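Please walk me through this model in order, with the cut-offs behind each term.

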Amino acid sequence: MYSEKKTTEVWRIRRQWMEFRSRDSSLESKNSSAIMVFKEYSSKAAIHGVKYIFKDGSLALDRLLWVVAVMVCATGVVFLSIPMCEEYFTSPLLISVESTHYPLYELPFPAVTLCINKVKRRAGEEILARYLNVTLTPEWTNYTWHVMSILSKFGHPYLHLMKEHLQIAAPILHLFKGLNLTQFMLQVFPRCDEVFLRCFWYGHSMNCCQIFNLQRTEGGFCYSFNSLTAENKKHCHPKHFDDSSGSDDFPECRLRHNVQSGTTTGLEVFLKPLNVDDQLESRRSGVKGLIFLHNPLEVPDISQSFHLAQLNYTKLSIKVSPTLIQSDLSVQNLEIRERSCVFPGEVRLKTHPNMYTLRNCLIECRFQFFGKKCGCYPYIYYSTADETVCLLLALQRIRTDLRWLVLRFYWFSCAEHLGQGGRGRDELSFSTTTRTDEAEIM
């Protein structure tokens with residue numbers, strides 16, 4: 001009897017043990033399966049850095065560094081997303097698509113800005129040699145090349161490229177104390193007839209030098225078509241995006257419009273071949289120049305440019321798709337910070353008081369920040385009597401000053417401008433598609 005009870009007890013204990021092992025094995029299997037799934041996900045995750053954290057064979061230090069990097073990036077994403085979420089939940093604006101078939105003739109043709117070989121090297125060498133009263137020996141030729149390279153890069157976003165040239169040209173920069181940089185850059189800037197061969201608008205031949213005007217950009221002087229921020233159109237006061245914006249007294253203020261789409265219906269420009277021996281070294285190898293397509297009310301933003309290849313007989317085609325955002329007049333009853341847009345006359349910029357746009361505001365902000373930190377303004381800026389244009393010697397002081405590093409963080413100073421302003425009431429933007437082909441030789 002005792003033996004039978006003992007056997008029964010043993011079997012009960014064994015059964016319980018086997019059930020426990022079975023549950024434990026199932027749990028381990030589930031845990032192992034979850035780990036395998038997570039490893040597989042991390043190996044193919046689109047979030048950069050995650051796969052290196054869980055990569056087999058990685059050192060502990062490597063894993064730790066990647067964990068820190070991913071956490072820093074995630075924190076940055078959260079930090080940038082919070083203001084957007086706050087604006088989304090607090091903004092009382094309603095955005096609706098009025099029409100996807102907006103009449104083409106109601107929109108202005110985009111402004112086209114071309115920056116081709118902004119400095120003629122040989123003309124610059126002769127002017128600087130006459131100014132210094134020296135003979136162009138190889139040593140002086142090298143000095144003048146670096147001086148012109150400094151000026152060609154004296155603008156956003158190429159400021160950091162000036163440092164090497166400033167260091168080499170440092171021994172002679174004090175000799176240019178009285179040199180008018182704006183006038184010098186205009187003298188070495190290629191003439192219109194040196195850049196353009198032929199121009200067509202609506203398929204009709206046009207005088208290129210009549211439809212293209214001198215344009216200031218952050219990167220230097222250029223030529224613009226249909227731009228109200230060009231030099232001879234700064235007095236314009238556009239109220240609408242149609243032909244009535246220019247009165248009979250100011251026909252140059254009228255914007256050009258297009259009535260149909262397709263090739264040969266817009267602007268066609270043929271450029272003359274460049275003299276390679278008369279150019280400064282390109283910022284990028286094989287780049288002939290820059291092309292901007294922008295709102296006619298805006299100053300060209302160099303970060304929104306296309307690179308034009310230096311190869312001859314090359315055709316660059318650009319397809320443009322416009323987008324127009326308009327604000328109802330009732331929105332004006334809200335505070336600027338709430339509606340995040342500006343109506344005409346509410347905010348006046350110093351450089352273009354009649355043409356407020358968000359991009360113009362940011363460009364002026366960069367100029368003002370530069371002047372505040374450096375005590376002078378770039379030669380390309382619309383300076384007034386109380387604003388000093390930077391001389392070459394001032395640029396040398398900037399190079400050796402800690403303020404040089406601060407210039408790279410100018411965008412933080414624009415936060416106040418963005419909070420007070422924002423987009424204009426009517427914002428016209430263009431999305432583009434480019435294609436480069438080999439042109440037919442006529």
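Just after helix H11, glycine 375 takes a positive phi of about 80 degrees. Helices (H or I, at least four residues) and strands (E, at least two) are DSSP runs, numbered from the N terminus. The model is a predicted one, in which local features need pLDDT of at least 70 and side-chain atom pairs count only at pLDDT 80 or more, while totals for chains, interfaces and linings use all residues. Residues are numbered from 1 along each chain as its sequence is written, and side-chain values use heavy atoms, with hydrogens and water left out.

H11 itself covers residues 358-374, which is 17 residues, and spans 24 Å from its first C-alpha to its last, close to the 24 Å expected at 1.5 Å a residue. That expected span is 1.5 Å times one less than the number of residues in the helix. Of the 17 residues of H11, 12 are buried, so the helix is largely enclosed by the rest of the structure. Here buried means under 20% relative accessible area, exposed over 50%, and partly exposed in between, with a 1.4 Å probe and protein chains only. The buried positions of H11 include Asn360, Glu364 and Arg366, along with Phe367, Phe369 and Phe370.

The protein chain as a whole has 14 helices and 12 strands. Of its 442 residues, 38% count as buried. Among contacts (heavy atoms within 4.5 Å) between residues at least 6 apart in sequence, 69% join residues at least 24 apart.

Strand E1 (residues 111-116) can be taken next. Six of its six residues are buried, so E1 is largely enclosed by the rest of the structure. In a regular strand the side chains alternate between the two faces of the sheet. In E1 both faces are covered, with Ala111, Thr113 and Cys115 buried on one side and Val112, Leu114 and Ile116 buried on the other.

E1 runs antiparallel to strand E5 (residues 220-225), and three bridges join them. Two strands are taken to pair if DSSP finds at least two bridges between them. Threonine 113 has serine 224 of E5 as its bridge partner, and valine 112 stands opposite phenylalanine 225 in E5. E5 is mostly covered too, with six of its six residues buried. Strand E4 (residues 212-217) is also antiparallel to E5, through six bridges. A hairpin of two residues joins E4 to E5. Serine 224 in E5 also stands opposite asparagine 213.

A further set of strands forms an open sheet. Its three strands come in the order E3-E2-E6, with antiparallel pairing. Strand E3 (204-206) and strand E6 (267-271) stand at the edges with a single partner strand each, so one side of each is left without a neighbour in the sheet. Neighbouring strands of this sheet are turned by 25 degrees against each other on average, direction ignored. For such angles, axes are lines fitted to C-alpha atoms, for helices over the stretch in contact, and angles run from 0 to 180 degrees between N-to-C directions. Strand E2 (residues 196-201) is joined to E6 by five bridges. Within this pairing, phenylalanine 196 has leucine 271 of E6 as its bridge partner.

Which residues of the largest nonpolar core touch the most other members? They are Phe184, Phe196, Phe212 and Leu392, in a core of 59 residues. A nonpolar core is a set of buried Ala, Val, Leu, Ile, Met, Phe, Trp, Tyr and Cys residues joined through side-chain atoms within 4.5 Å. Helix H5 (residues 138-152) gives the largest share of this core, five residues. Leaving aside neighbours within four places in sequence, leucine 392 is in contact with Val147, Ile150, Leu151, Leu173, Phe176 and Leu181.

Phe196 and Phe212 also belong to a cluster linked by ring pairs, whose other members include Phe109, Trp201, Tyr223, Phe225 and Tyr379. Rings of Phe, Tyr and Trp (its six-membered ring) pair if their centres lie within 6.5 Å; planes under 30 degrees apart count as stacked, over 60 as edge-to-face and the rest as tilted. By this rule there are 16 aromatic pairs.

Leucine 308 lies in strand E8 (residues 305-309) and is buried, with a relative accessible area of 11%. From leucine 308 to isoleucine 291, 17 residues away in sequence, the C-alpha distance is 6.9 Å. Valine 342, in strand E10 (residues 341-342), is buried with a relative accessible area of 3%. The C-alpha atoms of valine 342 and valine 331, 11 residues apart along the chain, are separated by 9.9 Å.
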